[in-house]
Amino acid sequence: MAEAKFDEMDHYKQAELMKFDFRPPPTGWMDTPTDFRPGSWIYPGKAKHLEYLDLPNPREWAVTDEDWQLPKNWKEIVLEGMRERLSRYRTFKIFMDICVRCGACADKCHFFIGGGDPKNMPVMRAELLRSIYRKDFTALGKVFGKLAGGRELTVDVIKEWFYYFFQCTECRRCSVFCPYGIDTAEITIIGRELLGLLGLYVNWVIEPVANCFRTGNHLGIQPHGLKDTLEFFAEDIEDSTGIKVDIPLNKKGAEVLFVTPSGDFLADPGTYTCMGYMALFHEIGLDYTWSTYASEGGNFGLFTSHETIKRLNAKIYAEAKRLGVKWILGGECGHMWRVLNQYMDTMNGPPDFLEVPKSPLTGTVFDNARSTKMVHIMEFTADLIRHGKLKLDPSRNDHIKVTFHDSCNPARAMGILEEPRYVLKNVCNNFYEMPPNTIREQTFCCGGGAGLGTDENMEMRLRGGLPRGNAVRYVQDKFGVNELACMCAIDRATLTTVCDYWAPPVRVTGIHELVSNALQMKGAKDREVNFRLEEIEHWKQKAAPAGRKEGSSDV
Amino acid sequence: MTLKDLLHSSRAAILKRWFEKTLETYAPDASAFFDGQKDRFANPVGKALRTGTRVMLDCLLGEMDAEKICAGLEEIVKIRSIQDFTPAQAVSFIFSLRQIIREELGQELDSSRLTELAEFETRIDQLALFAFDIYVKCRERLYEIRVDEVKRSVSGLMRRLNREEEKAQS
Ligand code: SF4
Ligand code: SF4
């Protein structure tokens, strides 16, 4: 009998049909090509932004193109770039050499935990670069190649780098567990720099960088736009409290320059946190100023290259000098603090024209900020509360059961762990911690940091957000938690989405929004609405008898 | 002994194989981790696969309580629908249960039990249908939250512009 064709029943043998195998291909990792699945990668940087920033190889291209239009001598550029960085950054050289592949970091990355792609194990992410290092920069690798763990640099390797270095949020959770202190985030940073040499950027990072270089902030808000925005906030604060707050803009000789991420200007719920700062500064009578030039605390340069960090960060000290302030206060942001704490002083300092920050209300000297002259608002507010400078009624937040997400950078890069908790406990009666292995130094990333917070890679972000979302859902089920507080502008955007998927209907709030709920402002009316202009039932009930006292209507 | 009794007595073995077979849809490094790490916060996927399969199998063997069965399914499908799977791969783990049961019962599965088996497999089919629903629901949710987030990124601006327009009109 002739062999049956594929469209005839007899072609199929029952025994074979019963055997099915969904297992991934058994090839070694070096030989498994990257599968660019939509939802996992980010759109490339547009040519006009690269041109604006004088970055190499500006062109329009798509990740799905076969030809990424790399420069002709791309290989030379990458190897030379590696050589240069190996000699410039000692950490990079050490991290390339000392990994013993013990695997302690392997299962600590939220992308691996949520997605299961082995190349998202931090040790493997680093290996993507290390294999090239071995082949081209070590004696053994030059001779033995693959046997010594080295591999040839090809276009496929470059594509793989692009895919996986933009699946790392540079959160540094893995480094907490590495016995050698290898920081995969730094390897990612270098990997992205090398990609940048070929003109391979993602638009969600490089557009904000170009905006920031032009207007002073990522969103491209111009001075009059910022003024309008803050005035609009002031109107809502007045509607809520009856108090008209000042908006000091570019005020020369102010004591303090205040800088916050621009996400707080346009995106809810960050906007309400921004109103929280404004109300607080008004209440304590702080002599401060906003700047329409240093109008961005965040720094997407961190997700681009060391050079770009420096270019964007420079405006903060420049503006502090121009305005003649004494010190700088910074808002609730995550990666902004990694830059300020880790790079600003050496890149753009020393700011010897500034004074060591001292709270004008409590006299506390912030010695920890002696070199950078910049204080985190959480330190500042915690100090105010500690010295009894704020009249707070935590019962105003009784409609909220709150948990706290340690944002990766303030927690792991700065160790700001106690201050936010101290503030939260003073402004809320119902605060519940998530499980210990998901908070503080071990906190799980939101999955959208380091330039990944766009929407075209949403599947990837939800995989990365699963460990965090899972812990939120746990406290939601156990304690009835309905709000997640955080002190990072990216978190306020991305965690809202993470909660919408993994733990609805938990919503996200900044800490100073909660402070503003509890703050008893001098001369305020009986508040019935918060800064979101939502009516709060128990506020209304309290306000009602007072309303009658004035004997206005219901007799 | 009815087929159900037989299945009950092999419940633990079936559950174990079902869990393992589901793990096999991941790369070896991942399945070893999903299996090995027992802390539910360090390993939410492993925890969901374990709980989900258990809840579903108990429903299949007992009352087909739609609410319970969907809850068990959702634990798993919600995760697999955003992982690196095609739609078919994402729900494939349900179909593997057929094969596992046939293999597990082996010799016992003679022609006298075929009607019972067909009945039981109808339950698995029902499960598969629920899974399609849940899969699509999750994917729809994914697109909704994408849109919501984009809207939120300029929501403060939109409120301001709307307010200005209102003022201009009044
Ligand atoms: S830095 Fe964070 S995202 Fe990057 S590999 Fe380490 S754990 Fe994963
Ligand atoms: S924990 Fe450190 S030494 Fe161990 S595999 Fe990871 S990076 Fe290498």
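Strands β5, β6 and β7 of chain A form an open sheet of 3 strands in the order β5-β6-β7, with parallel pairing. Two strands count as paired if DSSP finds at least two bridges between them. Helices (H or I, at least four residues) and strands (E, at least two) are DSSP runs, numbered from the N terminus. This is a predicted model, where local features need pLDDT of at least 70, side-chain atom pairs count only at pLDDT 80 or more, and totals for chains, interfaces and linings use all residues. Residues are numbered from 1 along each chain as its sequence is written, chains are lettered from A and ligands numbered from 1 in the order in which they are written, and side-chain values use heavy atoms, with hydrogens and water left out.

- The edge strands are β5 (402–404) and β7 (507–510) of chain A, each pairing on one side only.
- From one strand to the next, the twist averages 35°. Axes are lines fitted to C-alpha atoms, for helices over the stretch in contact, and angles run from 0 to 180 degrees between N-to-C directions.
- β5(A) pairs with β6 (residues 483–486) of chain A in the parallel sense, over 3 bridges.
- Two residue pairs mark this side: Phe404(A) has Ala485(A) as its bridge partner, and Thr403(A) stands opposite Leu484(A).
- β6(A) also pairs with β7(A), in the parallel sense over 4 bridges. Here Cys486(A) stands opposite Gly510(A).
- In β6(A), Glu483(A) and Ala485(A) point one way, Leu484(A) and Cys486(A) the other way, and all are buried. Buried means under 20% relative accessible area, exposed over 50%, and partly exposed in between (1.4 Å probe, protein chains only).
- Helix α21 (residues 489–502) of chain A lies across β6 and β7, running at about 160° to β7(A). Contact means heavy atoms within 4.5 Å.

**The β2-β1-β3-β4 sheet**

- Chain A has an open sheet of 4 strands in the order β2-β1-β3-β4, with parallel pairing.
- Its edge strands are β2 (288–289) and β4, and each pairs on one side only.
- Strand β3 (residues 327–330) of chain A and β4(A) pair in the parallel sense over 3 bridges. Leu329(A) stands opposite Val375(A) in that pairing.
- Helix α15 (residues 306–323) of chain A lies across β1, β2, β3 and β4, at about 150° to β1(A).
- α16(A) packs on the sheet too, touching β1, β3 and β4 of chain A. Its direction makes about 145° with that of β4(A).

**Backbone exceptions in chain A loops**

- Gly349(A) and Pro350(A) are joined by a cis peptide bond, with omega about 0°. Pro350(A) sits in the loop between α16 (335–348) and β4 (374–376).
- The peptide bond from Pro504(A) to Pro505(A) is cis as well, with omega near 0°. Pro505(A) lies in the loop between α21 and β7 of chain A.
- Asn250(A) is not a glycine, yet has a positive phi near 45°. Its loop runs between α12 (223–241) and β1 (256–259) of chain A. Asn250(A) is partly exposed, with a relative accessible area of 28%.
- Leu533(A), also not a glycine, has a positive phi of about 60°. Its loop lies between α22 (511–518) and α23 (537–549) of chain A. Leu533(A) is partly exposed, at a relative accessible area of 34%.

**Chain B helices**

- Helix α6 (residues 87–105) of chain B has a kink of about 45° centred on Phe93(B). The bend at a residue is the angle between axes fitted to the seven residues ending there and the seven starting there.
- Buried residues of α6(B) include Val91(B), Phe93(B), Leu97(B), Ile101(B) and Leu105(B).
- Just after α6(B), Gly106(B) takes a positive phi of about 45°.
- Arg152(B) belongs to helix α7 (residues 114–152) of chain B. Arg152(B) is buried, with a relative accessible area of 17%.
- Leaving aside neighbours within four places in sequence, Arg152(B) is in contact with chain A residues including Asp268(A), Ala493(A), Thr496(A) and Asp500(A).

**Ligand 1**

- Residues around ligand 1 include Cys109(A), His110(A), Arg125(A), Cys168(A), Cys171(A) and Cys174(A). A residue is near a molecule or strand if one of its heavy atoms lies within 4 Å of it.
- By class, this shell has 5 nonpolar, 3 polar and 3 charged residues. Ala, Val, Leu, Ile, Met, Phe, Trp, Tyr, Cys and Pro count as nonpolar, Asp, Glu, Lys and Arg as charged, and the others, Gly among them, as polar.
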